[in-house]
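Please read the following points with the sequence and the model side by side.

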Amino acid sequence: MSTIKSDKQQLREAAKLRRGTVRAEWSATQAPETLIAAHLRAERLAGPGAIVAAYMAIGDEIDAVAVAADAFAQAQLGLPRMHGRGQPLTFHAWSPSDPLAQAKWGILEPLASAPVVQPTVVLVPLLAFDRSGFRLGYGGGFYDRTLAGMRSATPPISIGLAFDELEVDAVPRERYDQRLDYVATPTIVHRCRKD
């Protein structure tokens, strides 16, 4: 295993434990999703006609559906579907009344029959992040592959959702790792892209 892959795996394990501890601390207080949504509303990152791709949270992740419904109330929502290892995600129109199907790793996805959409904003899950906008995911490369493909056409705004405590000095990265435009936490929205 390369040093970068090994470093990523060690950070991944530590970040999962840290995120679980942080999530437990929030359980008795205000929901972090409410605070993140308020910060994103203030940023005005999506206008009329926006299509916001959220994700169904697993474990201790930030609930992207709750954030999207609050921060981007007028936007059309979409959710990702996986198509196998090494394949990019596709995003499909979804609303809270629509059915979901259970996919690999217990992840809930929209039905294959749901219309494909091209998001203008993509909310991205993560385990750790740095101020440069690099993120550590679960290791499948789904979002990196997807964002790379989308950026070759009409690039969406990419926003990682995280607890503040998941910030690290530098995420170990490889050439294919994609930088996020923003990372939103309960206290701040970090602007990562350089215009």
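1. A residue is called buried when its relative accessible area is under 20%, exposed when it is over 50%, and partly exposed in between (1.4 Å probe, protein chains only). By this rule Glu-109, with a relative accessibility of 4%, counts as buried. Its partner Arg-81 is buried as well, at 15%.

2. This is a predicted model, in which local features need pLDDT of at least 70, side-chain atom pairs count only at pLDDT 80 or more, and totals for chains, interfaces and linings use all residues. Residues are numbered from 1 along each chain as its sequence is written, and side-chain values use heavy atoms, with hydrogens and water left out.

3. How many salt bridges does a search of the whole structure find? There are seven, a salt bridge being a side-chain nitrogen of Lys or Arg within 4 Å of a carboxyl oxygen of Asp or Glu.

4. Arg-81 and Glu-109 form one of them, at 3.5 Å from N to O. Arg-81 lies in strand S2 (residues 76-81) and Glu-109 in strand S5 (residues 108-110), so the bridge ties together parts 28 residues apart in sequence. Helices (H or I, at least four residues) and strands (E, at least two) are DSSP runs, numbered from the N terminus.

5. Asp-70 and Arg-41 also meet in a salt bridge, with 2.5 Å between N and O. Asp-70 belongs to helix H3 (residues 64-71) and Arg-41 to helix H2 (residues 32-43). Asp-70 is partly exposed at 31%, and Arg-41 is partly exposed at 38%.

6. Lys-8 and Glu-174 are both buried.
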